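Please work through the exercises below with the sequence and the model open beside you, trying each task before reading its solution.

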Amino acid sequence: MFRLSWFGKVAILALFAVVVCVQMYPLVWMTISSLRPTQDIMTNVLGLPRGMYLGNFAQVFGAGGFGLVVANSVVVTAAATLGVLICAALAAYAFARFDFRHREYLFAFMLIGLAVGPEAIIIPLFKLEGMLGIEDTRLGLVLAYMAWTPFGVLVLRTAFSTVPRELIDAARMDGCSELGIFWRVTLPLARPALGTVGLFIAVWVWNDFVLPMVLLRSTDKFTIPKALLLYQTSYSTDFGVICAGLTVGALPLILIYCVSQKHFVRGLTAGAIKT
Amino acid sequence: MSLNRRILATMTALAIAAALVGCGKGQGSGNTVTLRLMTGWGYPKVKTAVDGLIADFENEHPRIHIEHQALDDQSYPAALRASFTSGDNLPDIYETEYEYAGYHARAGNAMDLTDWVKAHQDRFQHEGFVDSQRLRKSGRVYGVPYSAVNMTQVFYNVDLLKKHGISPPRSWQEFLDACARLKKAGVTPIALGAKSEFTVAHWGDMLIAKQAGLDVVDKVAEGNLPWDNPDFARGLERLAELRKLGYLSPGCVSDGYMESMAYWISGRAAFFHTGSWLVAEIIAPKSFHWDFFAFPDLPGGKAQTGENVAVANEGFQVAAKTKHPKECLAFIEYITRPEVAAKHWVAIGKVSPIRGANEKASAKVRKVAELIAAGKRTVPYGLMRHIDEDFPEEAERAFAQYLIGMLAGNRTPRQVLQAVDAARKARRR
Amino acid sequence: MSIGKRGTRPAVTALGFLAPALSLYLLFEIVPLVGTLAISLFDWEGYSVGSMRFVGLGNYAAVFRDPVFWKALGHNGLLLAGMVVLQSGLGLAMALLLETNVPAGSFFRALFFLPSVISVIVLGVVLSIVLSPSFGAAGAALDALHLSWLKADWLGSPQVAIWSVMLIQTVLGFGLAMFLFVAALKAIPDELYEAALSDGASKLRRVWHVTLPLVSEMAVVVTVVACINSLKTFGLVYSLTRGGPDNGTVVLPLWAYLQAFSYNRFGYGCAISTVLLALTLIVAGLQFRLGGYGRRSW
């Protein structure tokens with residue numbers, strides 16, 4: 001869009017580099033510390049590893065069942081993300097496309113959920129899930145995470161409303177049903193927004209420990225953040241082991257994130273409107 | 001249609017019957033009884049110890065099976081209370097830590113064990129430990145203590161003191177002199193991480209207990225004296241002095257417990273004050289030599305010799321609504337035998353409140369046990385003798401946050417005490 | 001783009017699209033929320049069902065008498081203003097910068113969102129240590145860059161701490177805002193820019209006349225999301241300072257959580273959450289109104 005002079009490029013790159021350094025340092029520290037025994041970390045917190053110490057990872061995996069924990073995280077995150085995207089996209093389409101009575105009131109009602117933090121409703125939610133028989137289940141956890149749908153509805157409604165009328169009308173004239181228009185016309189054009197929402201939800205669900213803290217009890221259903229709580233008490237923290245667990249926990253996310261970046265770009269250029 | 005309806009009715013009846021039968025699940029088959037034990041001891045080292053207790057118990061009582069639900073330390077309180085409030089997943093026996101014993105006892109979740117404890121009174125080393133499970137108003141006991149911690153000690157870096165020719169101080173003046181010497185040599189005397197709140201609150205407790213003496217502390221706990229009294233203020237002034245003299249770590253206000261411990265272990269500070277749980281929990285290289293000395297008496301302080309701040313911080317309670325009280329008590333009886341507690345619990349570095357259990361422990365554990373035993377009277381951390389006394393949690397937070405403000409130079413000692421009084425009053429109904 | 005007005009068929013179709021989201025939302029968000037509202041009318045320790053005591057609006061009266069509530073409200077107000085302006089502004093600025101032909105743009109764009117991937121526990125621990133005067137890491141770095149005048153007890157001074165928290169949250173959290181703006185910017189057809197260019201518009205003019213109007217709706221979304229997040233989250237604050245020093249960084253959701261889960265004043269904690277929710281809705285509603293969201297007709 002904008003062309004920069006040579007000087008402009010350097011200046012902006014410098015700014016980016018500074019920001020990235022500040023942002024990345026915690027991640028770097030975490031990865032480095034996972035390769036140090038905790039007693040070394042306690043002796044020199046910001047230091048470098050003396051060698052490749054794999055004991056922390058051994059402890060994380062050796063306790064048994066960490067593979068299952070990772071699998072649980074993957075399943076819960078994928079299900080919650082897909083669930084939110086589908087429900088939110090459908091609802092956002094309704095808000096953007098149709099003009100029905102009380103539309104804005106309903107929209108406002110749906111956005112109330114956006115303002116509620118999970119801690120505020122966790123105990124009634126626990127009781128509710130107990131009554132429904134889904135407490136201490138992965139399904140119960142996924143459904144609780146679908147509380148993020150309002151965020152998706154908000155962002156996607158904005159994205160959908162930018163789809164030009166001509167394309168919709170053309171599809172209608174070709175005999176497409178509403179669902180068909182939704183699937184074939186609107187969704188593809190909103191790919192960046194879908195990606196953003198999906199990414200945000202996935203990251204949130206993957207790292208969240210508040211909901212599993214109360215809703216999960218059986219070790220075979222634990223997600224990564226919940227399993228890692230075992231390595232810290234309310235007071236003390238086993239730095240090395242926690243960093244190892246968190247590194248393992250962050251890797252899949254980073255990988256997926258890097259891969260999905262390509263989809264972003266493809267979606268962005270494909271979405272440009274050519275008249 | 002009527003045939004379908006009949007089928008539907010039959011199936012409904014069968015379903016209801018099945019549900020009712022299914023409600024009897026979890027009782028075990030035949031003669032065995034299954035108890036559910038819920039703890040927040042999922043931390044591997046501790047979980048193994050509990051599992052060991054269970055295994056040995058089941059050997060002696062083959063008809064009782066214990067299912068151990070070991071949650072992590074942070075989820076456990078919320079999960080336990082969720083169980084009690086929703087009625088799902090109720091435990092038969094559960095562990096309690098500090099003030100949680102009082103919450104559950106007051107809520108009626110815990111079985112009254114007064115008679116059992118009285119019958120086994122001589123098992124426990126100190127009356128004060130049983131108090132940790134006793135409600136003051138009724139005098140009834142609702143659980144058994146299982147771990148003890150001592151607060152009146154200061155940990156130190158052995159090599160660092162040796163290097164500067166300092167021997168472990170035995171009086172407050174010696175302590176101040178040691179700090180002055182260390183500071184001059186460029187070493188931070190005391191590592192403190194006030195952000196974690198309990199760290200600075202412990203310093204406050206200790207200085208108050210040593211300055212005012214347990215008679216005054218008791219009067220305050222019973223509501224006959226406010227926190228804002230001259231003895232308490234004088235105690236807190238000593239902490240302000242330490243800060244003013246520059247004896248505390250530079251980041252004492254914003255560092256947390258682990259950061260200040262890392263600061264101490266890295267050799268930049270000599271003294272570190274925390275509870276005796278550190279003996280079991282410290283993670284440091286073998287090259288780090290540490291030990292501890294008794295917290296010195298304060299000059300002009302009213303504390304008599306042998307007055308300690310120690311508490312039985314961990315214990316077990318039996319659910320009031322359990323269907324197997326006899327079996328639960330059998331478990332309680334088993335684990336409170338000194339040899340059993342010694343084999344599993346003391347072995348991982350915990351100090352047991354049970355008489356005779358600490359005898360074959362490691363040197364440092366024995367030293368802690370001796371410090372506790374030397375105390376003729378004890379008062380628990382937080383200065384509550386009983387668990388339902390007038391020191392609600394928000395008073396604790398007010399105490400800690402205002403102390404942090406005092407360290408930051410914002411508050412005076414009297415303001416700290418007045419904040420505690422205000423918080424206690426706001427809570428009283 | 002909207003079809004029909006007040007007809008029954010569009011409403012029925014719309015309901016079909018709305019059904020999945022609406023039903024799950026009602027069951028798993030609204031029902032528990034009503035539960036929280038109900039609990040706020042009781043004095044309850046939260047340890048057994050029998051001990052609930054009806055107090056009506058008593059908890060709410062106590063909320064308004066609570067000095068820490070007002071302190072926390074002030075902090076939230078400060079963070080809100082800061083987050084909305086700084087985070088959205090930084091997100092927009094970065095998105096615009098990424099629209100230029102700066103090399104490795106997509107590489108950096110990918111990196112800016114990564115902090116959100118890291119657990120707040122790690123962020124809090126690491127930043128505490130780096131900024132700690134005890135270890136002196138940040139101080140040493142600033143000395144090396146001849147920026148010693150920036151040194152302070154960032155997280156240990158009750159006056160400075162809240163600003164430090166704001167700055168940290170901005171730098172770590174602008175990724176989402178940036179992404180939303182990038183998505184909005186990408187939807188702007190190139191032809192519009194070319195048209196403006198051929199009309200002789202300078203860079204700044206092009207931004208002003210072409211870009212900004214078309215991202216204004218997304219800007220409302222971004223500011224609303226930033227606003228709501230600043231009022232709802234306390235993980236990072238808790239990890240960095242526990243709400244201290246001297247309650248210098250305490251925020252409302254943290255205060256509600258402590259009351260309910262640490263101080264066993266469950267009803268009171270729910271009351272604080274309810275007040276917070278009401279405030280959030282008012283602020284968000286105002287933002288929507290002022291931003292003119294949803295008024296556009298297609």
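**Chain B as a whole**

Chain B has 17 helices and 10 strands, where helices (H or I, at least four residues) and strands (E, at least two) are DSSP runs numbered from the N terminus. The model is a predicted one, in which local features need pLDDT of at least 70 and side-chain atom pairs count only at pLDDT 80 or more, while totals for chains, interfaces and linings use all residues. Residues are numbered from 1 along each chain as its sequence is written, and chains are lettered from A and ligands numbered from 1 in the order in which they are written.

**Exercise 1.** Describe how helix H4 and helix H7 of chain A pack.

*Solution.* Begin with the geometry: the axes of H4 (residues 66-97) and H7 (residues 138-145) of chain A come within 9 Å and cross at roughly 40°, axes being lines fitted to C-alpha atoms, for helices over the stretch in contact, with angles from 0 to 180 degrees between N-to-C directions. H4(A) and H7(A) are therefore oblique to each other (under 35 degrees is roughly parallel, over 145 roughly antiparallel, 65 to 115 roughly perpendicular, and the rest oblique). Next, list the residues: H4(A) contributes, among them, A:Val75 and A:Ala79, and H7(A) contributes residues including A:Leu141, contact meaning C-beta atoms, placed from the backbone, within 7 Å.

**Exercise 2.** Which helices of chain C each supply at least two residues of its side that touches chain B?

*Solution.* First, the contact takes 28 residues from chain C and 30 residues from chain B. Then, on the chain C side, helix H5 (120-131) and helix H11 (252-262) each supply at least two residues.

Note on methods: Two residues are in contact if their C-beta atoms, placed from the backbone, lie within 7 Å.
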